[in-house]
Amino acid sequence: MNDFTKNIFEVNAEALLFQWQQASTRWLLPKFLGQNKIVKTLRPFSKTGKINKSTIESQLQTLIAYQKEQDLINENESKYAKTLDFLWNNGNGDWKTIAHICEKSLIINNLLHQITEDPGQLNNTRYTIAELLKEGSSTFQNFKGKVFVHFYALTQEQEKLEQELSSLLSINFNQELSQTTNHTAFWQQNAEVWLQNLDLLRDWSSWNRIKEETIKMGLLPVVETYSNGMLPTNEVLSSFKKSIFKCLAEHIIAKEPGLAIFNGKLFEAKIKKFKEQSKYFEALTKAELFAKLASHLPSFSQEASTSSEIGILQRAIRNNGRGLAIRKLFDLIPNLLPRMCPCMLMSPISVAQYFEVDKTKFDLIIFDEASQMPTCEAVGAIARGQNVIVVGDPKQMPPTNFFSSNHFDEENADKEDLESILDDCLALSIPSKHLLWHYRSKHESLIAFSNSNYYENKLLTFPSPDNRATKVTNQYVPGYYDRGKTRQNHFEAKAVVAEIIKRLSNPKLAQKSIGIVTFSSVQQNIIEDLLNEEFKKNPELEKTATDAQEPVFVKNLENVQGDERDVILFSVGYGPDKEGKLYLNFGPLNREGGWRRLNVAISRARYEMTVFSTLRSDQIDISRTSSEALPELKPFCNIPKMEWQPFHKNKGLVQPPKNRLKKR
């Protein structure tokens with residue numbers, strides 16, 4: 001618009017633009033005449049007397065915008081005159097200066113908003129500044145200029161000091177503070193703390209040096225997290241290891257296609273579905289088995305002749321078996337009995353007592369826990385069957401024979417029975433199958449000792465998620481063993497009962513079943529007595545202990561075989577007496593095969609085992625005893641709570657289960 005005089009603003013630009021656009025749409029001659037008419041209208045306002053037709057439309061649009069702004073100014077003239085004061089100059093003010101002042105005012109307002117962060121305080125601050133400036137900027141500078149200059153000088157000095165401290169002590173003055181924290185007050189308080197702790201300056205310098213070295217090693221995230229106080233000092237190493245292991249795991253998973261596409265949720269869903277299907281299949285199998293067995297039962301609703309087997313059984317039931325022994329009854333119903341009771345659970349003595357050896361023949365005889373079955377007691381049952389399966393572990397409990405004589409015919413040694421029917425079967429090389437999968441222990445440390453010492457590391461176990469932490473711990477109990485009188489250890493018994501009460505009182509710990517194993521029956525008795533006393537004081541705990549799916553049990557070495565619990569509490573009982581003397585008489589452990597009893601005791605736990613003992617491992621002098629079990633008991637009296645790795649006493653580290661499984 002610089003090519004036109006000021007009078008151009010009085011032209012009706014909108015009408016001229018409309019006429020120009022209408023003429024532009026016509027054919028040649030009307031278009032030429034119409035546009036020339038508009039050119040003639042605008043030529044008197046041109047400073048040069050020349051009009052460029054190519055720019056007329058854009059110039060008219062610009063003129064329209066100017067006119068609209070002028071109309072807006074005219075409408076608010078009184079408001080602008082009051083606000084701008086002398087800058088208004090009757091509507092002829094310097095608009096560039098006014099625009100510059102407005103921009104600076106907005107910047108000042110934004111800065112005040114960032115400083116105050118409070119609308120009320122912002123308004124008060126703006127009012128105060130306006131009052132200081134109402135007499136003019138020169139007056140304001142005369143009265144407050146020195147304050148601003150001094151403030152600026154102090155700010156520069158503060159920045160210089162911060163740079164020096166940052167260079168010397170690696171202090172980060174640019175760290176973000178909370179919105180309510182005063183920056184100057186915060187660093188002033190820190191400076192006072194530094195002044196009071198100048199003696200720790202060497203440690204701070206060492207920390208900075210170590211921090212720089214750590215950052216150079218590529219561990220900046222660790223340093224930043226720790227420096228910001230987001231990581232406690234005692235968790236730095238464990239957190240670092242966790243991050244390393246996570247990165248390694250992600251790297252390995254990414255390289256293995258099978259692991260890369262693995263989805264935990266889908267896998268868990270498959271496991272859940274498998275469990276449901278397996279449970280359903282078990283229920284169907286039971287129903288099918290019941291139906292098949294029930295279909296073989298004869299009908300008792302119809303009358304049967306008194307001479308038939310059904311009649312004999314009905315008559316015996318009606319007269320409650322008077323005058324008819326069970327053995328005789330079984331002989332009279334040889335065909336009916338297997339149809340009614342196809343599977344019978346009996347002891348060898350009961351088999352010999354109720355069945356004739358030359359008549360009844362079971363299809364299959366199964367001995368469970370055969371390591372505890374003397375051959376002489378098993379022969380009678382074997383004679384009454386056509387096939388036999390002997391199930392047992394030769395590394396576990398032998399037959400209990402505390403009160404039997406140990407007569408041995410040396411002249412006919414080849415005809416003497418071995419210790420159990422299982423030993424005789426193994427000696428005869430009867431076809432055998434070893435069950436190598438270990439199902440009970442949910443953590444390798446619970447079975448590692450038995451696996452390496454008794455099973456030559458042949459048991460197949462699976463690594464646990466927390467594999468480096470042992471679940472077998474020792475709790476030393478100050479006290480002594482009452483060897484001369486009760487032959488009990490009251491101190492251990494109290495400690496065991498206290499642990500039981502603690503677990504039963506905790507809803508989370510109470511979810512795991514508990515079993516107590518002792519080395520002697522007298523120690524078992526005292527624990528039972530103390531536990532019953534506690535239950536009398538708190539019947540709710542007794543209900544928790546007895547009503548659980550697996551109630552709390554207290555047993556000794558001789559009768560614990562076959563039992564298992566989530567948590568096993570082990571009371572050694574034996575130890576130094578009141579005078580501190582230790583007699584290496586540990587009851588069943590000193591007898592031949594005591595190591596087998598120890599193997600049974602230490603393999604009952606699913607999740608954890610705690611050994612309570614007034615005996616320390618350094619007190620056991622294995623050179624003073626010929627017992628095989630005592631040297632193996634020694635480690636259990638000094639098990640530290642530390643990282644664990646499966647170890648073989650002769651071959652070093654146990655071979656990883658993955659490699660062992662591949663070989664098998």
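Helices here are DSSP runs of H or I with at least four residues, strands are runs of E with at least two, and both are numbered from the N terminus. This is a predicted model, where local features need pLDDT of at least 70, side-chain atom pairs count only at pLDDT 80 or more, and totals for chains, interfaces and linings use all residues. Residues are numbered from 1 along each chain as its sequence is written.

A pocket is an open set of points on a 1 Å grid over the protein atoms alone, where a 1.4 Å probe fits, with protein on both sides within 12 Å along at least five of seven lines; lining residues have an atom within 4 Å of a point. The largest pocket holds about 1700 Å³ of space, a volume being the space filled by probe spheres set on the points. It is lined by 38 residues, and Ile101, Ser105, Ile108, Ile129 and Leu133 are the closest to its centre. α5 (95-116) contributes the most to this lining, with 13 residues. Also supplying at least two residues each are α3 (56-75), α4 (77-84), α6 (119-133) and α7 (137-169). By type, the lining splits into 21 nonpolar (Ala, Val, Leu, Ile, Met, Phe, Trp, Tyr, Cys and Pro), 10 polar (the others, Gly among them) and 7 charged (Asp, Glu, Lys and Arg) residues.

Now for the second largest pocket, with about 1300 Å³ of space. Of its 38 lining residues, Gly392, Asp393, Pro394, His434 and Leu435 are the closest to the centre. β2 (388-390), α19 (421-427) and α20 (445-453) each give two or more residues to that lining. Where does the second largest pocket lie? Domain 2 (343-404 + 413-433) and domain 3 (444-637) both give residues to its lining, so it lies between them; the domain bounds come from an automatic or database domain assignment.

Terms used:
Side-chain values use heavy atoms; hydrogens and water are left out.
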